[in-house]
Amino acid sequence: MAESGKEKIKWTTTIIVSSSLKSYEIATALENRSHKVRYSDSVENGSIIFSLSGVAFLLMDTKECLTSTEEIFLAKIEKFINIHQNSFLVLSAALHGPEERKLMFRIQQRFLGCNLRILPVHNTVNAINLMCTIAKTTSKPYVDSICYRMITAKAYITEQSPVWKTLQKIKLSSDSVNPN
């Protein structure tokens with residue numbers, strides 16, 4: 001199938017998944033997307049690591065967090081972010097109501113200034129789409145392409161900006177008045 005004159009290439013990568021997720025729908029869904037899924041007992045329970053992209057995700061259910069003691073799940077999150085530099089907490093809930101928002105707020109307060117980002121998701125498909133999008137855009141060939149596009153867009157905006165043109169005119173007229 002052609003897209004804008006180019007072949008659309010399917011993105012696949014190797015993913016390290018916690019063995020605790022082996023029987024869960026999310027592991028099966030990742031395998032169905034043709035990713036190479038490797039299970040490991042040595043990673044934190046509930047974690048998914050996209051090694052080539054350098055991103056790690058910790059999956060947690062908000063109901064389990066709300067029913068367990070705060071120290072337990074905060075310790076798990078802290079251990080996870082101490083191991084992984086580029087870490088995301090994927091909080092799953094069918095509905096993110098007041099209790100779930102309070103939970104996210106407490107986690108944000110506790111880990112303010114850390115390298116943790118919180119992703120609220122509603123279901124497995126939502127979680128996989130977010131994780132794969134983040135991992136894909138941070139992988140080497142794609143991040144270079146995105147950086148190039150952003151630099152090009154910035155240059156175009158700067159060149160076409162009426163403010164920029166006005167500043168150039170002001171500078172030119174001030175240079176003609178002031179010989180220094």
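## The N-terminal cap of helix α5

N123 caps the N-terminal end of α5, with a side-chain oxygen 3.3 Å from the backbone nitrogen of V125. The model is predicted, so local features need pLDDT of at least 70 and side-chain atom pairs count only at pLDDT 80 or more, while totals for chains, interfaces and linings use all residues. Residues are numbered from 1 along each chain as its sequence is written, and side-chain values use heavy atoms, leaving out hydrogens and water.

Helices are DSSP runs of H or I with at least four residues, and strands are runs of E with at least two, numbered from the N terminus. The 14 residues of α5 (residues 124-137) should span 20 Å at 1.5 Å a residue, and the end C-alpha atoms are 20 Å apart, which agrees. The expected span is 1.5 Å times one less than the number of residues.

T124, A127, I128, M131, C132, I134 and A135 of α5 are buried (under 20% relative accessible area, 1.4 Å probe, protein chains only). Down the helix axis these buried residues fall within an arc of 165 degrees, so they line one face of α5; the arc is that of the directions from the axis to the C-beta atoms. Their cover includes α1 (25-32) and β6 (55-61), where contact means heavy atoms within 4.5 Å.

## Strand β3 and its partners

Strand β3 (residues 14-18) pairs in the parallel sense with β4 (residues 36-40) over five bridges; pairing requires at least two DSSP bridges. I16 has R38 in β4 as its bridge partner.

β3 and β5 run antiparallel, joined by three bridges, and V17 stands opposite I48 in β5.

Technical notes: Buried means under 20% relative accessible area, exposed over 50%, partly exposed in between (1.4 Å probe, protein chains only). A polar contact is a pair of N or O atoms within 3.5 Å; within protein, one must be able to donate a hydrogen and the other to accept it, and residues adjacent in sequence count only if both atoms are side-chain atoms.
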